[in-house]
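I am opening a notebook on a structure that is new to me. The entries below record what I looked up.

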Amino acid sequence: QVQLAESGGGSVQAGGSLRLSCAASGLRHSGYCMGWFRQAPGKGRERVALVYSGGGSTYYADSVKGRFTISQDNAKDTVYLQMNSLKPEDTAMYYCATEYVPCVIGNIPAAEVDFGYWGQGTQVTVSS
């Protein structure tokens with residue numbers, strides 16, 4: 001059974017930084033996509049960033065490009081999301097997700113429905 005443990009959320013002022021971590025356990029093999037989604041109150045879940053374990057291909061939502069960086073430690077099955085220049089609109093519950101799928105096929109990133117394993121979420125609050 002795959003389990004995901006998130007950490008690193010919190011409250012920060014606009015312009016500040018946070019780093020989220022997601023440690024996976026129970027993965028059966030090394031080829032998987034892992035990433036972050038977020039959900040703000042009253043809104044749907046939004047894909048934020050993805051990274052593939054085997055080749056490191058990445059995806060970023062336009063809203064976070066240039067501010068967020070996703071990275072991984074394959075030896076630890078852990079993914080990180082470094083969030084810089086945070087804005088109030090980044091306020092959301094952030095969820096880690098993983099699945100044995102490519103992160104991107106052609107120009108199409110994996111969607112929320114493609115992921116079968118989810119963490120409990122960690123809250124990020126950015127005040128103005």
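Is aspartate 90 buried or exposed? I find aspartate 90 buried, at a relative accessible area of 0%; buried means under 20%, exposed over 50% and partly exposed in between, with a 1.4 Å probe and protein chains only.

Before going on, I note that this is a predicted model, in which local features need pLDDT of at least 70, side-chain atom pairs count only at pLDDT 80 or more, and totals for chains, interfaces and linings use all residues. Residues are numbered from 1 along each chain as its sequence is written, and side-chain values use heavy atoms, with hydrogens and water left out.

Entry on salt bridges. I searched the whole structure and found five, taking a salt bridge as a side-chain nitrogen of Lys or Arg within 4 Å of a carboxyl oxygen of Asp or Glu. Aspartate 90 forms one with arginine 38, with the closest N and O atoms 2.9 Å apart. Aspartate 90 sits in the loop between β8 (78-83) and β9 (92-99), while arginine 38 is in strand β4 (residues 33-39), 52 residues apart. Strands here are DSSP runs (E, at least two residues), numbered from the N terminus. Arginine 38 is buried as well, at 7% relative accessibility.

Arginine 38 also forms a salt bridge with glutamate 46, at 2.8 Å between the closest N and O atoms. Glutamate 46 is partly exposed, at 30%. I noted a network of salt bridges that links Arg38, Glu46, Arg67 and Asp90. Lysine 65 and aspartate 62 form a salt bridge too, at 3.2 Å from N to O, and aspartate 62 is exposed at 65%.

Entry on rings. How many aromatic pairs are there? I count three, where rings of Phe, Tyr and Trp (its six-membered ring) pair if their centres lie within 6.5 Å, with planes under 30 degrees apart stacked, over 60 edge-to-face and the rest tilted. Phenylalanine 37 and phenylalanine 115 are edge-to-face, with centres 5.4 Å apart and 75 degrees between the planes. Phenylalanine 37 lies in strand β4 and phenylalanine 115 in the loop between β11 (108-109) and β12 (117-118), so the pair ties together parts 78 residues apart in sequence. Phenylalanine 37 is buried at 1%, and phenylalanine 115 is buried at 6%. Phenylalanine 37 and tryptophan 118 have ring centres 5.0 Å apart and planes at 55 degrees, so this pair is tilted. Tryptophan 118 is partly exposed, at 24%.

Notes. Helix = DSSP H or I, 4+ residues; strand = E, 2+ residues; numbered from the N terminus.
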